[in-house]
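Hi,

Here is the structure I said I'd pass on.

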Amino acid sequence: MSRDSATIELPPVRVAARSPAQTQVGTKHAVDGPVAERVSPALSIILATYNERDNILDTIRSVFEHVGDDVEVIVVDDDSPDETWKLVQALEDPRVVLIRRVATRGLASAFNRGIIESRGRVVGWMDADMCMPPALLPEMIAALDSCDICIGSRYAPGGADDRTRLRVRCSRMINGLARVVLGGGIRDYDSGFVVLRRSVFDKVSVIPTGYGAYFMEFLYTCRRKGLCISEVPYRFTDRRHGQSKSAPNVFKFAWTGCGYVTRILTARLRRID
Ligand SMILES: Nc1nc2c(ncn2[C@@H]2O[C@H](COP(=O)(O)OP(=O)(O)OP(=O)(O)O)[C@@H](O)[C@H]2O)c(=O)[nH]1
Ligand SMILES: [Mg+2]
């Protein structure tokens, strides 16, 4: 086809009629559109999952155990081959919303999707591998009385990181670099365990690209906007079930580490508003 006569062929636009099932609360999929018509709960907790079938139900159960009923748990699963999403679907719990994304993957974008769907006055997110204890949530939420954002912190006094020495050392180095480049005052820059007031999103967006490094850029922007961030210490345990997505082998681990270093530098340079 010559350049002059070329027309770009795009697939036809499909306007998805939203069936009642897709707009209901509960384990119905919200693949085609945002979940509407839910009563706003006090709290939304977002769990991103990829192959977490041995952890997801314990995580959900533990969240409800510690924060009560006025909460929605939003699970954003990227079509896990181990069918994590099926376990969530089978729960048929009206407090649980399952978003099964297909043909896309990514940790930051999964949390971002959960944020878009969330309704809580307080919004939080965390890993779904039982390394971050839901038991810490009440203390973190209470901290929002005097702050905008509270992070679970491995490196605040009283916190601990029980992973292998190599991983702890690398994590501390990344945090040290983040403090030098992005500014001090935050001990666990890549925590990824957070609760915040919804109003934070009026000032700052999650940049939905990449793996866990997005979190450092998010905190950096929050700081620049003058938001108050507090840290509650906790003991981070190594995962007991399932495989790490960030460090399944030494090459992936190194690649993930490079991503963190790059993100620290780009966060400083681009200073996204
Ligand atoms: N939706 C979604 N979730 C993901 C993806 N990658 C990882 N996750 C989830 O994000 C959380 C963090 O991933 P982990 O594999 O635990 O990574 P990590 O914490 O660096 O490594 P561990 O040492 O294994 O804990 C877990 O709940 C994963 O299931 C992804 O591509 N999409
Ligand atoms: Mg983990």
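This is a predicted model: local features need pLDDT of at least 70, side-chain atom pairs count only at pLDDT 80 or more; totals for chains, interfaces and linings use all residues.

Residues are numbered from 1 along each chain as its sequence is written, with chains lettered from A and ligands numbered from 1 in the order in which they are written.

There's an open sheet of seven strands, ordered 3-2-1-4-7-5-8 with mixed pairing. Strands here are DSSP runs of E with at least two residues, helices are runs of H or I with at least four, and both are numbered from the N terminus; two strands pair if DSSP finds at least two bridges between them. Strand 3 (96-100) and strand 8 (229-233) sit at the edges with a single partner strand each, so one side of each has no neighbour in the sheet. Strand 8 pairs with strand 5 (residues 149-153) in the parallel sense, over five bridges, and Cys 150 stands opposite Ser 230.

Now the helices. The axes of helix 6 (residues 165-182) and helix 8 (residues 250-270) come within 10 Å and cross at roughly 10 degrees. Axes are lines fitted to C-alpha atoms, for helices over the stretch in contact, and angles run from 0 to 180 degrees between N-to-C directions. The two helices, helix 6 and helix 8, are therefore roughly parallel (angles under 35 degrees count as such).

Cheers

How values were computed: Angles under 35 degrees count as roughly parallel, over 145 as roughly antiparallel, 65 to 115 as roughly perpendicular and the rest as oblique.
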